[in-house]
Amino acid sequence: MAAFSATHCPSHVTTPSSPSSRHRPCSSDRGHDHRATLSSSIASRLALRAQPSSRLRRSRRANAVRLHEGSVATTIIPVENELPLKKSKGSLSLTLPEVEDVNISENESTVSITVVGASGDLAKKKIFPALFALFCEDCLPKHFTICGYARSKMTDAELRNMISKSLTCRIDKSENCEEKMDQFLKRCFYHSGHYDCLENFAELDMKLKLHEGRRISNRLFYLSIPPNIFVDAVRCSSSSAASRNGWTRVIVEKPFGRDSESSAALTKALKQYLDENQIFRIDHYLGKELVENLSVLRFSNLIFEPLWSRQYIRNVQLIFSEDFGTEGRGGYFDNYGIIRDIMQNHLLQILALFAMETPVSLYAEDIRNEKVKVLRCMKPLHLDDVVIGQYTSHNEGSTTYPAYTDDKTVPKGSLTPTFAAAALFINNARWEGVPFLMKAGKALQDRRAEIRVQFRHVPGNLYNQKLGTDLDQATNELVIRVQPDEAIYLMINNKVPGLEMKLDHSNLNLHYAARYSKEIPDAYERLLLDAIEGERRLFIRSDELDAAWAIFTPVLKEIEEKKTVPESYPYGSQGPVAAHRLAARYDVTWGDLCTGP
Ligand SMILES: NC(=O)C1=CN([C@@H]2O[C@H](COP(=O)(O)OP(=O)(O)OC[C@H]3O[C@@H](n4cnc5c(N)ncnc54)[C@H](OP(=O)(O)O)[C@@H]3O)[C@@H](O)[C@H]2O)C=CC1
Ligand SMILES: O=C1O[C@H](COP(=O)(O)O)[C@@H](O)[C@H](O)[C@H]1O
């Protein structure tokens with residue numbers, strides 16, 4: 001680990017104001033037993049919790065903990081939820097008005113999850129709710145602490161109040177929701193600090209230690225902050241608040257750079273403080289249920305894998321659309337645009353899972369090896385094979401939908417694309433010549449994310465005459481609808497019942513809502529749980545990231561250097577007409593724009 005000097009940190013630390021409430025040990029009988037119905041992977045996850053419960057004894061002794069480099073975790077647990085921090089010369093001391101003596105085994109472990117950027121949009125919208133859902137599912141370890149960290153001044157009570165607004169009892173409807181929330185919120189704490197301040201992170205370390213007691217401390221930092229402060233936060237957290245006797249992992253949110261160079265620089269900077277296996281680069285699309293299912297579909301069904309090649313597949317379409325604009329995130333978006341925001345990561349990751357060869361095993365490294373291989377077989381994109389667009393305002397009745405550039409956080413005259421379509425090719429034996437068409441856009445007519453696989457026409461089809469002149473309409477198409485309304489359906493030609501020989505195009509439909517009663521977990525739940533367990537399969541390795549940027553960097557540079565003007569499309573429309581021309585060049589019709597389920 002590199003050495004560096006402490007930064008001067010502005011004074012900011014919040015002093016607790018709310019009355020203290022007693023810190024309760026986590027109950028050993030928390031939740032009813034879901035295990036019988038859970039998959040073996042969840043069961044093994046639950047096994048992690050099967051540790052002897054700690055025995056806590058109360059004491060009214062006041063105590064203090066001193067933090068020194070390399071010091072061993074304390075043996076006390078605070079009864080106060082908010083701890084007054086005092087600075088003393090050369091070290092920090094934390095005075096506890098009341099403590100509980102702890103008689104805990106040193107073999108017990110605990111996980112502390114620090115959400116860095118806890119005051120932000122993603123933390124509120126996704127991270128805290130996902131942690132709560134995991135708590136409700138009994139998937140969090142028995143001993144855990146959640147700590148919000150950001151510059152905003154907040155008390156523990158204020159953080160809890162903020163979090164509680166976005167929690168829903170989605171999973172455990174049968175149980176007392178209020179009680180669950182209460183139990184969960186009692187495990188959430190807040191520390192105010194700067195992202196580049198070693199001292200502030202040292203204070204955080206001390207707070208975490210108080211909750212961890214003598215247990216083996218495992219620490220997960222979720223960087224839910226803008227990318228320009230990633231490295232500072234990693235430097236400070238790994239230097240001042242890393243675990244000393246357990247693991248330390250860091251989840252990094254996208255964007256991972258803007259192009260090959262900046263991404264490589266970010267990786268290099270992060271690796272000054274962390275090993276690759278401590279870095280969990282999140283792409284939340286990999287946590288979506290139907291994206292997880294892609295490999296199951298391919299590798300556990302004999303009927304698909306033999307068809308999965310240029311021999312039977314005419315084209316593959318990867319489609320992302322949103323029926324709303326950049327509302328509220330224009331400032332971030334304008335610096336990135338839709339290609340970096342969606343294509344280079346979410347859609348390309350899906351493509352890699354779709355097209356990779358069979359991995360040696362389901363271990364993370366085997367899967368990621370295959371993904372890298374397929375990405376490295378792809379031709380870098382050039383402007384000829386890309387269409388870009390930007391939405392303009394649109395009036396519908398009395399409602400006016402704003403143009404992208406109406407957003408006050410977007411610079412006037414911005415040329416940033418809010419829509420893009422691209423044709424990509426994989427130069428390997430399986431896929432040569434098959435167009436992989438990607439399309440992503442904001443402010444389109446609907447919200448969807450799907451994979452459409454269009455198969456070749458049946459050679460010498462006996463029923464050609466019955467199928468009409470447009471053979472495309474009669475081609476088999478497999479659709480994996482990632483969202484909304486998750487489904488997998490296969491369009492086939494079928495005889496309409498009756499005496500005459502009439503065919504129609506129908507679908508064999510696996511509609512998740514009809515087939516499965518269990519609600520689908522949010523992608524962040526799966527990914528957070530994996531990070532806690534050290535499962536890296538769904539996180540992006542640095543060589544994958546390099547390969548992904550190598551595909552998109554040339555076209556991104558070309559667009560920016562040539563100041564390519566995006567084609568306008570009205571808010572709520574199908575997007576630019578040029579996207580149809582691009583598809584037509586490869587004899588493709590966009591499947592989402594045809595009628596169908
Ligand atoms: N929001 C979303 O839907 C998604 C977000 N992401 C990524 O997740 C990360 C977090 O996103 P989001 O929550 O929207 O981000 P925010 O802009 O809400 O920032 C999160 C927190 O970081 C602090 N912060 C913001 N700007 C700065 C700055 N310039 N300097 C120092 N601190 C700052 C603020 O906390 P404070 O002032 O209290 O310190 C803020 O509450 C980003 O990397 C984003 O790209 C990825 C996918 C979706
Ligand atoms: O990463 C991002 O994803 C969201 C879309 O995610 P979804 O899970 O709601 O489909 C997108 O709106 C955002 O621009 C992008 O940064």
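Helices (H or I, at least four residues) and strands (E, at least two) are DSSP runs, numbered from the N terminus. The peptide bond leading from Lys254 into Pro255 is cis, with omega near 5°. Most residues other than glycine have a negative phi, and most peptide bonds are trans.

Before going on, note that this is a predicted model, where local features need pLDDT of at least 70, side-chain atom pairs count only at pLDDT 80 or more, and totals for chains, interfaces and linings use all residues. Residues are numbered from 1 along each chain as its sequence is written, chains are lettered from A and ligands numbered from 1 in the order in which they are written, and side-chain values use heavy atoms, with hydrogens and water left out.

Now look at the loop between strand 20 (477-483) and strand 21 (487-495), where you will find Pro484. Here too is a cis peptide bond, from Gln483 to Pro484, with omega near -15°. Asp485 lies in that loop between strand 20 and strand 21 as well. Its phi is near 55°, a positive value in a residue other than glycine.

Next, follow the chain to Lys563, in the loop between helix 15 (542-562) and strand 24 (567-570). Lys563 also has a positive phi, near 50°, and is exposed, with a relative accessible area of 58%.

Helix 10 (residues 337-355) is worth a visit too. Of its 19 residues, 19 are buried. A kink of about 40° is centred on Met343; the bend at a residue is the angle between axes fitted to the seven residues ending there and the seven starting there.

Finally, turn to ligand 1. Of the 19 residues around ligand 1, those that come nearest are Ser119, Asp121, Leu122, Ser152 and Tyr195; a residue counts as near if one of its heavy atoms lies within 4 Å. Helix 2 (residues 121-136) gives the most to this shell, with three residues. Oxygen atoms of ligand 1 lie 2.7 Å from a polar side-chain atom of Ser119 and 2.8 Å from a polar backbone atom of Leu122. For Lys125, a polar side-chain atom is 2.9 Å from an oxygen atom of ligand 1.

Notes: A polar contact is a pair of N or O atoms within 3.5 Å; within protein, one must be able to donate a hydrogen and the other to accept it, and residues adjacent in sequence count only if both atoms are side-chain atoms. Buried means under 20% relative accessible area, exposed over 50%, partly exposed in between (1.4 Å probe, protein chains only).
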